[in-house]
Amino acid sequence: MSNVITAAKELGPRFRFVGLLPIACLGAITLALVWSGAPGRAPDLSRLARRVDDVGAVEAMIWAAGLLVLALVVEPLQGSAVRLLSGRWGTSMVALAIAGPGRAWHRWRLDRLQQRSARVAGESSDPAAMERRQAAAALLRYYPPAARVLPTLLGNILLAAEIRGGVRYGLDTAVLWPRLYHVLPDRVAGTVNDLRNQFDLAARFCTAFITAAAVCTVILAPYGWWLSVPVLMLFLAALSYRSATAAAKAYTIGVETAFDLGRFALLRALHLPLPTDLLAEVRANQQLSAFLLDGNQALFRLRETGSGINFVYEHPVEQPSSCNLPSPPSRCRS
């Protein structure tokens, strides 16, 4: 058992908590059903208790190793699970038909929020009116433009962050974020990582409980009131989904803050000049985003026509080391 625990620790804290915990929860639920006698007979809690008492160290190590392997196998699929919860189901006729009612609902909700925001914008400046304006603006920031609305609240929150994270500076968030992340200050990167882990953990618990609900329904279908177990799983899935949406809202703020504080560090890392004002920054960042999105086309146009996107680099001047200057020997001693 200690070898399994050591192996899990070496995989890092993110995998232990974000990747392993939901899988362990799903595995424990499935094992509890099987050890209680299902699906061959109605579950018996006393039978489950006896089976747990019979588990030895070797068997526990085998089950723990199996859960660890399962968590490693499904880890690459977690992105697909988040896309499923986000309502990004593809462009097939079936997917569009399923997504239609959700999109219609969220477009209606967005329209109501926009109307409310416009209505309260003309109200007086008393504290109550200011609070209503702030509440309306806060809700609107978690929605993308109406033409790009997705069928789930979680998807709209994440898409709004993807669109608006760097757009006010002329940066394409989806294109620049992987590059910006590597130059963020440690404190900002740590905060963003914590927020992302909270979101991923809640989203993975949601998918785990949905899967558990499906498994419990199949196994417990013949046993009457035991169908309350999958109902409980669905309740926990809904609770996890609400937690995921709350964590996603906090994560969007973290991403926006990262662009606020780290965009100039990105320009310095790319050896590009810093802008003198906001308008110049937006224009330069739009060019940078377009080049990184499709650099081959921009480079081809520049070679063939001599026009288009071009960059003038600013390389930092290396200061000579004090040990290279004439000085007493004591200055270069360690």
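The axes of helix α8 (residues 153–164) and helix α11 (residues 228–269) cross at roughly 10° and come within 9 Å of each other. With an angle under 35 degrees counting as roughly parallel, α8 and α11 are therefore roughly parallel to each other. Please keep in mind that this is a predicted model. The protein chain has 13 helices and zero strands, and 35% of its 334 residues count as buried.

**The chain as a whole**

- Read along the sequence, the pattern of the protein chain is α-α-α-α-α-α-α-α-α-α-α-α-α.
- Among contacts in the protein chain with a separation of 6 or more, 68% come from residues 24 or more positions apart.

**Where α8 meets α11**

- Two packed helices are described by the angle between their axes and the distance between the axes.
- On the α8 side, the residues in the contact are Leu153, Leu154, Ile157, Leu158 and Ala161.
- On the α11 side, they meet Tyr241, Ala244, Thr245, Ala248, Lys249 and Thr252.
- By type, the residues of this contact between α8 and α11 divide into eight nonpolar, two polar and one charged.

**Helix α5 and its buried side**

- Helix α5 spans residues 78–86, and its buried residues include Gln78, Ala81, Val82, Leu85 and Ser86.
- These residues cover an arc of only 140° around the axis, which puts them on the same side of α5.
- The cover over the buried residues of α5 includes α4 (57–74), α8, α10 (186–220) and α11.
- Just after α5 comes Gly87, with a positive phi of about 85°.

**Arg263, a buried arginine in α11**

- Arg263 has its place in helix α11.
- Its relative accessible area is 12%; buried means under 20%, so Arg263 is buried.
- The side chain of Arg263 reaches the backbone oxygen of Asp260 at 2.7 Å.
- Leaving aside neighbours within four places in sequence, Arg263 is in contact with Tyr169, Leu171, Leu180, Ala258 and Glu281.

**Pro39 and its cis peptide bond**

- Most peptide bonds are trans.
- Ala38 and Pro39, however, are joined by a cis peptide bond, with omega at about 0°.
- Pro39 sits in the loop between α2 (13–35) and α3 (45–53).
- With a relative accessible area of 52%, and exposed meaning over 50%, Pro39 is exposed.
- Not counting residues up to four places away in sequence, Pro39 touches Ile219 and Tyr223.
- The C-alpha atoms of Pro39 and Leu220 are separated by 6.8 Å, although these residues are 181 residues apart along the chain.

**His271 and its backbone**

- Most residues other than glycine have a negative phi.
- His271 is not a glycine, yet its phi is positive, at about 60°.
- The loop between α11 and α12 (278–293) is where His271 lies.
- His271 counts as partly exposed, at 27% relative accessibility.

Methods: Residues numbered from 1 in each chain as written. Predicted model: local features only at pLDDT ≥ 70, side-chain atom pairs only at ≥ 80, totals over all residues. Heavy atoms only, no water. Axes fitted to C-alpha atoms, helices over the stretch in contact; angles between N-to-C directions. Helix = DSSP H or I, 4+ residues; strand = E, 2+ residues; numbered from the N terminus. Parallel < 35°, antiparallel > 145°, perpendicular 65-115°, else oblique. Contact = heavy atoms within 4.5 Å. Nonpolar A, V, L, I, M, F, W, Y, C, P; charged D, E, K, R; others polar. Buried < 20%, exposed > 50% of the residue type's maximum accessible area, 1.4 Å probe, protein only. Polar contact = N/O pair within 3.5 Å; in protein donor to acceptor, adjacent residues only side chain to side chain. Arc of directions from axis to C-beta.
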